[in-house]
Amino acid sequence: MIRFLRLVLYLVLLAVLGFIAASLYSPPVRVAAPPPPPLSGTVDRIVIEKAARRMQLFQDGKPVRTYRIALGFTPEGDKIRQGDGKTPEGEFTIDRRNDESAFHLSLGLDYPRPADRARAAKSGYSPGGDIFIHGQPNALPEGFKLKGDWTAGCIALTNAEMREVWAVTPIGTRVEIRP
């Protein structure tokens with residue numbers, strides 16, 4: 001009987017050591033953080049940092065949300081002409097809202113500005129237009145996100161993030177896009 005108890009004890013000890021060793025060598029699991037509290041009111045400013053692929057919403061001069069974003073397919077530098085795949089840089093204003101676009105919700109920027117139009121006209125090309133902050137393509141199932149920089153010059157978020165931005169961003173909101 002004592003031999004049997006020793007055998008069981010050794011097996012339990014071996015199992016415990018095995019679990020300890022397995023936990024030391026298994027990859028860590030990311031624990032999802034609790035969602036932030038919902039935003040209320042409206043934002044007064046949006047700042048987009050292209051190099052960091054980051055967009056921040058501000059209320060009363062304080063950042064209240066930060067998002068990872070996708071940009072135009074060749075994001076470095078300022079937008080010059082239609083089809084260059086660049087996201088414009090500078091100060092803009094949200095001038096339209098579209099809940100029926102080809103992308104999940106969209107907030108339009110007032111690009112091109114008069115200076116962009118004049119430069120393009122002088123050089124004989126189109127400055128482009130229809131620059132939006134939007135979600136993923138409507139053809140993509142909910143919960144999926146395209147990787148990398150894939151837009152034609154817009155700023156893209158996940159659909160859930162876009163719903164949050166949409167709810168607190170009125171026409172007239174200032175948008176700063178930094179290099």
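1. A nonpolar core is understood here as a set of buried Ala, Val, Leu, Ile, Met, Phe, Trp, Tyr and Cys residues joined through side-chain atoms within 4.5 Å; buried means under 20% relative accessible area, exposed over 50%, and partly exposed in between (1.4 Å probe, protein chains only). The model is predicted, so that local features need pLDDT of at least 70 and side-chain atom pairs count only at pLDDT 80 or more, whereas totals for chains, interfaces and linings use all residues. Residues are numbered from 1 along each chain as its sequence is written, and side-chain values use heavy atoms, with hydrogens and water left out.

2. The largest nonpolar core holds 25 residues, of which Ile48, Met55, Leu57, Ile133 and Ile155 touch the most other members. Two or more residues come from each of strand 1, strand 2, strand 4 (90-98), strand 5 (106-109), helix 3 and strand 8 (174-178). Helix 3 is the greatest contributor, with 4 residues. Helices (H or I, at least four residues) and strands (E, at least two) are DSSP runs, numbered from the N terminus.

3. The model contains 13 salt bridges, each defined as a side-chain nitrogen of Lys or Arg within 4 Å of a carboxyl oxygen of Asp or Glu. One of them pairs Glu49 with Arg54, with 2.7 Å between the closest N and O atoms. Glu49 counts as buried because its relative accessibility is 18%, while Arg54, at 30%, is partly exposed.

4. Asp149 and Arg53 form another salt bridge, their closest N and O atoms lying 2.7 Å apart. This pair links distant parts of the chain, 96 residues apart: Asp149 is in the loop between strand 6 (132-134) and strand 7 (155-156), and Arg53 is in the loop between strand 1 (45-49) and strand 2 (54-59). Asp149 is partly exposed at 24% relative accessibility, whereas Arg53 is buried at 18%.

5. In the salt bridge between Arg163 and Glu142, the closest N and O atoms are 3.0 Å apart. Because Arg163 lies in helix 3 (residues 159-168) and Glu142 in the loop between strand 6 and strand 7, the pair ties together parts that are 21 residues apart in sequence. Arg163 is partly exposed at 37% relative accessibility, and Glu142 is partly exposed at 49%.
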